[in-house]
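Trainee: Could we go through the aromatic rings of a protein together? I would like to learn how they are paired up.

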Amino acid sequence: MSEAKKKKRQCSAEYIKYGFIQSLTNPSSPMCLICQKTFSNEAMKPSRLLDHFNKMHSDMKDKDVTYFQNMENSLMGIKFIHHVKEHKTIIQNKIKTGECILETHRGKSKVWDLFSKIIYANNDEVQLPKDTGYVCCTKCKTILTYSSSCGVSHLNRHKCQLNVNNERIDNFFAKRNKPNIPSSVTIEAVNCCIKLCSLDIRPFEAVDGEGFRQLCQFLINTGARYGKIDAADLMPHPTTVSRNCLKMAESLRSELLAIILPYFNNGRCSATTDMWTDDFKKIGYTAITIHYINDEWQLKSNVLCVKQFEIDKKKTGENINKSLKQFFGDWAKTNGEEWLSKLTWVTDRGSNIIKALEKYTRINCSAHILHNILQETFSLTEQKSTENTDAGIQLQYLKPVDTLISASKSLVRYMKKSGDNNLLSKPLHQHVETRWYSKVIMLQSIRDMYEELIKLYGHNHTRLKYINVDLLTKLIDFLIPFKEASTKIEGEKYSTINLVVLYRCKLVKHLESIKHNTQIDETSKTLKILAARALNAMESKFKLHRNHEIALFLFPPYKSMKMMGESEKNRVIGNVKLELLKIQENQPVRNEVNQVHPEVQAPSTSSYNNMFSEWENDFTQPNAMSSYENELESYTHTQYRYVSNK
């Protein structure tokens, strides 16, 4: 027996007293005039309609039928004007007459960079719905249908959008399809990460580490291969990890040796080493990092070791030399002396490390020298000066600077301990003793948040009354060039030795301009004294190595070495000739040496050209240097075209 057809209820005109009329899109369903919510046909009962009205719109109980009739008339007047989608030809004509206009749509998809929505223009008499259901291509003016429910996939297939997509080379390659992971699983993963950080007291950044990701991927792959297993059956004991750590380190060093050896034999390696002592156990450590240029001309670096210095031995130059030889001898299974002599070393100016590497090529770390220069500049100790012998006057003018820095440190410590740092829109930054330019970051953070600090504590607060805002601002301007120079010179992914001469000259020029400033206010006098002290420190500490000068000459935009005199240029060229002679003796001369290559593609140097433009090559004038042989002559007189990496 077939099932009886369900009875369909009809919407009564009396239902308007409950605020209901028949739906505009489905006459067999009721629609609430107030919230415009449509209900099923089964809900078309006076009791259910009244129940919705009382629960959701109880504030309308005092309204009479006339109020709801006016609301219905207003709604119908709007809906019947454009409730039917018009044909695109009509829309095209309305665009021409101005009845429809184009509106930029800010959607997440990049397709909206090419398409604009077509909307009805405003009408003062009747409030019209904006959306026409169409979009227009801004290039070819083609009109296509669009609704938020259907998405933008058909817009992505439009010819103009395809041309945009084809400009990206990665569109020709298959992309990895991301699995459709339920949101519940993602939430559970977040909760597990929270438990990891909370139970094991680990930083939140631990879940973003490359090692942690590799471990997670291994566990996922293992589960996919062997099915559901207990993590306790797979994870090793900490002692097992500890025992195998050294074995893995030795294995990785052996693999690294095979990679580095060809570059080492060709003289394409350098090394840095540093020593420090643990504050708690007073145990000394030595770190060795090797840097090399691979066959793709990329600068790479690897930490070879962080080893404990022998406890029963003093950190003398002789003992450090023996320790380095022993490490390279054990690692390369050869004479450690050969490695020390072929590498170019970059270290700090510690007397013991200088003694240990005195027989080899060693260059002072320029970033470390800048730190020492600022340390000496701001030290309230007597400093010899050829222009001002009255040290007492100097110290008198430097006391406000010392007071400002001390007050800034005290303020940041207080803000962190009290928790008031969280009340600022940006937190104050604490300085690090081993990095002088961290004081610049601290001072900048105070200057940026000074107005908020005044609102928080007031002008007369004990921790703010010693902060001179004028001195603070000018001191930051004094220090910013040092911070920029140090940051650039510390770069690990690009060559920095060619920048040392440029930044030294830039800093000297910066200090000279402050020293010869004609203003006579107290703050200007203080900065003049700081500039004079910094220049003295630069002269005594920042000595250029011959390799710094050679590297500048080999930096094509500045090979003219405009900041040098003729005698200095000739000295650099002489050193370059000696290096070329060494290469010629060790390697056979190639046939193409005498060929001239007028155009050489190299990485863009635009970021430096603006900063050091006064020393950039000028090929509009005749070259002042004499003719040189072979490669040197070709390089010196060739104008190079640079192509950006972007």
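Mentor: Gladly! This is a predicted model, where local features need pLDDT of at least 70, side-chain atom pairs count only at pLDDT 80 or more, and totals for chains, interfaces and linings use all residues. Residues are numbered from 1 along each chain as its sequence is written, and side-chain values use heavy atoms, with hydrogens and water left out.

Trainee: How many aromatic pairs does a search of the whole structure find?

Mentor: Rings of Phe, Tyr and Trp (its six-membered ring) pair if their centres lie within 6.5 Å; planes under 30 degrees apart count as stacked, over 60 as edge-to-face and the rest as tilted. Searching the whole structure this way gives 17 aromatic pairs.

Trainee: Why does the pair W112 and Y146 get its class?

Mentor: The ring centres of W112 and Y146 are 5.1 Å apart. Their planes stand at 80°, so the pair is edge-to-face.

Trainee: Are W112 and Y146 buried or exposed?

Mentor: Buried means under 20% relative accessible area, exposed over 50%, and partly exposed in between (1.4 Å probe, protein chains only). By that rule, W112 and Y146 are both buried.

Trainee: What is the angle between the planes of F327 and F328?

Mentor: F327 and F328 are both buried. They form an edge-to-face aromatic pair, 5.3 Å centre to centre. The angle between their planes is 75°.

Trainee: Which residues form one aromatic cluster with F327 and F328?

Mentor: Both phenylalanines belong to one cluster of aromatic residues.
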